[in-house]
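Student: Could we go through this model together? I would like to begin with the confidence scores and then turn to single residues.

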Amino acid sequence: MSGRMSVGTPGIGADPAAGVLKRARQLVEDRKLAAVAAWKGSHPGGLAIGFMPIYVPQPLLEAIGCLPVAIFGGGDQVDIIRGDSYFQSYICHIPRSTIELALAGDLDVLDGMLFPSICDVIRNLGGMWKLLFPGRYSSYVDLPQNFDPELGGRFYAAELRRIADELRARGASPLTDRSLRNAIVAENQRREALFSLDALRRREPWRVPASEAYLVARAGAVLPAAEHRSLLKEYMAAALERQVRPYDNVRVVVVGSFCEQPPLELIRTLEMAGCDIVDDDFQLGLRMIEGAIDVREDVDDPLAALASAYLELGAATASRYIAEEKKGAALIRRARGARADGVIFAAASFCDPALLDQPMLEAALAGAGIPYTSLKFAENTGQFQVIREQAGAFSDAVKLWGSAA
Amino acid sequence: MSAPDTRRPANDTSEAPPARSGLATGATPPASAPAKDASQLRQKQMLADYFAALAAARENGKKVVYTFVPGNLVELIDALDMLPVLPEINALQSAMRKRSAGYIAEAEKAGHSEDVCSYVKCDIGMLKSGNIGPTGLKLPEPDLLLLSYTGCFTFMKWFELLRQEYRCPVVMLHVPYQAGGAVTAEMRRYVGDQLRDKVVPALEGVAGRKLDESALRHRLAQSRRAEDDLVAVWDAARHRPSPIDGYFGGVYYIGPIFSAFRGTDGAVEYYRELRREVEERMARGEGPMTPDGTPAQERYRLVVEGPPNWTHFNDFWRMFSREGAVMVSSTYTRVGGLYDAGFRHDPDRPLASLAEYCLGCYTNLNLPARVDLLARDIAKYEADGFLINSVKSCNSFSAGQLLILRELEKRTGVPGGFIESDLVDPRYFGRANIENRVQSYLQMLEARLRPGASAA
């Protein structure tokens, strides 16, 4: 077993991070969204707007007085009874559990849903939402695949204005430059905390296991940016107090899980198999903008800045057009930046973006001499022994025969 | 590179057994191959000439642009004297010639997932097997990949994959999704500006010349003529009996206009001839020709949602034609343009109408709009029922089809059938299962339409 601390591990002694991890876990596992209801209670008239993966610009929503709520389906917490009747067997799992949650009333606390352009399943889920819940607000967010500021940038800014206007008609506050600037600043601060956590993870993965980083990152799904930042900082401070030591694990980057999320046990399984996950795309939406959004006082138009940030700083991912970049170059940079020994492709079954991208990324890694392995999962996968064996064999092979360093 | 394995699976026969249901119309296959209509012969020659031109492209100094059927800009490509290649059409042609299984196996051996689109895998496998096209001639490599990103996420990945294989430039045309059920001014502007600032310059760069706008206008005017005749063909299905099969026959009718020929004199002549043949059949009170070489005996009128299966196309067709089921309309035949909803290419507004064309293709419509369109067609063509053929490969079509089924039944009161297969992967065509479902559905329709009549 790793020397790392984890929630509920007996006999290790008091973990300084136990309290914050417990809160994070409660927030993540609460499918009734009590934290969202509490926020609405303390913000009368405030709208809670759910959004599917990967990314919507959360500052836009906070700027108009809304709480952005990231929805990742029901994971392994929901028995699918009705959701399966809406999808054929060869469609991934997240839309089924999301429909299930909605039909069970678990999403009733939300005042609207946003469906970003990630793939045809999520795209069509947006259309299904309109048919199933015609009285509820829902909208597609068509992220640009043209990155020219005069073309894609202008279209995207118009798209954001449209969403703000539609929500305004439903009771949200008007979008002003000041409110948007403040929201972007809060978001920049949240991501600064997140990037600090990521850096700590890369330096000392034994101190910040990926399974814990996952919880504290995902807890932000139901929190405003400022509160999430506080939680992240609290966790980091606690993690730094831990008395832990490193183990002889390999360092891996896990990619492909940017939408339908792996069960937490799958992440733990990889760790128990000897892999320190030093980078991943599990909560890619939070990290989609790779840097601060520039809203210094001399920036006239914060909405344009928000749009530009996506064009210029948007993370490379399967749902974003590669343009002139060499496919796989970003992944190689990430792997080398994280001093990773290898990459694990962990795609949800039937995930078109991840699975169509994978051969190109594998070819790039092979060319760069970076070992990799791949597996598929569903959000409600319940058996992990095979994955443990595969990851264990990968970890051993990398240790015996080579690394990315 | 190895040749593809073109052996047919043991359970795959090119001639299906006769229909076993008591609803058989008694049609028997002819002793010899059925005579082809003049339009069919014309299309065959057009295709032969086209693939010959592609094979000789390098020799003749012709540049080649790969693009997709939805949102295809063949008038632009042709106006710059370049040749288009549409990989989806290569894939379906490979399937009809029983080559797709081998190509898909090659792609999966190279690491492509069994979960993803079989069109892509078929194309990748064909590439890795020598890129021999449907007529046995080698296809030329692209000088440019025109990524018309409309209605299908997979298109983006497909051309990223091909860029890696061919090491050629790509130009992206991002066509926004009609999520709100309508085309907005912002969408038109975005697509039009990309055409002006990105696509046309990229095409000109490859062609080595500037676009002659009068040449483009001429082709758009030709497109318009062909579109008028095609819509007349679709509308003919309102007649009883329908002189066309708007799905199995329809995929042949859309060949020229959705592929390399829209905007050409050849397409104008083809659709004029097709329309004349259809109108003559209508005047004679005849149904469309079936794969057994006899006119259909219309007993059921159906609207179809979803692409056909290509690997067992004629067998699939016979499951319906031998029971007298005629498809009066379909959505797949609108993937390359909703002309019967009123769209026409407009020579007076060339780039604007090309932008509108790209925005208006069927798979770029939201689900409620697709339901509306299907409900409209069920009423317009007085359909007895509708069928959804859900294909494993295509999430753009398939995700949400079970809800479409429920919505349509609720809205129209007309019963729907639901079957599952695939585009070009024969492993996902379960003949017995599909035939069973089709038979059950048609028996239910029979009982509904003619209660009290006993099955033969």
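Tutor: The conversation below covers confidence, overall form and several individual residues of this predicted model.

Student: What ipTM and pTM does the predictor give the complex?
Tutor: The complex receives an ipTM of 0.94 and a pTM of 0.93.

Student: And what is the mean pLDDT of chain B?
Tutor: The mean for chain B is 92, and 92% of its residues reach 70 or more. Residues 1–31 of chain B, however, have a pLDDT below 50. That stretch still has 58 contacts in the model beyond near neighbours in sequence.

Student: How much of chain A counts as buried?
Tutor: Of its 405 residues, 64% count as buried. In chain B, buried residues make up 64% of the 456 residues.

Student: What share of the contacts in chain B joins residues 24 or more positions apart?
Tutor: Among contacts in chain B with a separation of 6 or more, that share is 79%. For chain A, 76% of the contacts between residues at least 6 apart in sequence join residues at least 24 apart.

Student: How far apart are the centres of the positive and negative side chains in chain A?
Tutor: They lie 2 Å apart, for 44 positive and 51 negative side chains. In chain B, the mean positions of the 56 positive and 57 negative charges are 1 Å apart.

Student: On to backbone geometry. Which peptide bond of chain A is cis, with omega near 5°?
Tutor: It is the bond from A:Pro53 to A:Ile54. A:Ile54 is found in the loop between strand 1 (48–51) and helix 3 (58–63) of chain A. In chain B, a cis peptide bond joins B:Arg240 and B:Pro241, with omega about -5°. B:Pro241 belongs to the loop between helix 8 and helix 9 of chain B.

Student: Why point these out?
Tutor: Most peptide bonds are trans, and most residues other than glycine have a negative phi.

Student: Is A:Leu33 buried or exposed?
Tutor: A:Leu33 counts as buried because its relative accessibility is 9%. It lies in the loop between helix 1 (18–29) and helix 2 (34–42) of chain A. B:Glu382 is partly exposed, with a relative accessible area of 44%; this residue sits in the loop between helix 14 (367–380) and strand 7 (385–391) of chain B.

Student: Where is the place of B:Ala237?
Tutor: B:Ala237 is in the loop between helix 8 (213–235) and helix 9 (250–253) of chain B. At 0% relative accessibility, B:Ala237 counts as buried. Leaving aside neighbours within four places in sequence, its contacts include B:Arg301, B:Val328 and B:Tyr381.

Student: One more for chain A: which helix holds A:Leu311?
Tutor: A:Leu311 is in helix 11 (residues 302–313). This leucine is buried, at 7% relative accessibility. Beyond neighbours within four places in sequence, A:Leu311 is in contact with several residues, among them A:Pro144, A:Phe147, A:Asp148 and A:Arg320.

Student: And A:Arg96, buried or exposed?
Tutor: A:Arg96 is buried, with a relative accessible area of 6%. The residue is found in helix 4 (residues 94–103) of chain A. Not counting residues up to four places away in sequence, A:Arg96 touches residues including A:Asp84, A:Phe87 and A:Gln88.

Definitions and conventions:
Residues are numbered from 1 along each chain as its sequence is written. Chains are lettered from A and ligands numbered from 1 in the order in which they are written. This is a predicted model: local features need pLDDT of at least 70, side-chain atom pairs count only at pLDDT 80 or more; totals for chains, interfaces and linings use all residues. Side-chain values use heavy atoms; hydrogens and water are left out. Buried means under 20% relative accessible area, exposed over 50%, partly exposed in between (1.4 Å probe, protein chains only). Contact means heavy atoms within 4.5 Å. Lys and Arg count as positive and Asp and Glu as negative; His and the chain ends are not counted. The place of a charge is taken as NZ of Lys, CZ of Arg, CG of Asp or CD of Glu. pLDDT is the predictor's confidence in each residue, from 0 to 100. Helices (H or I, at least four residues) and strands (E, at least two) are DSSP runs, numbered from the N terminus.
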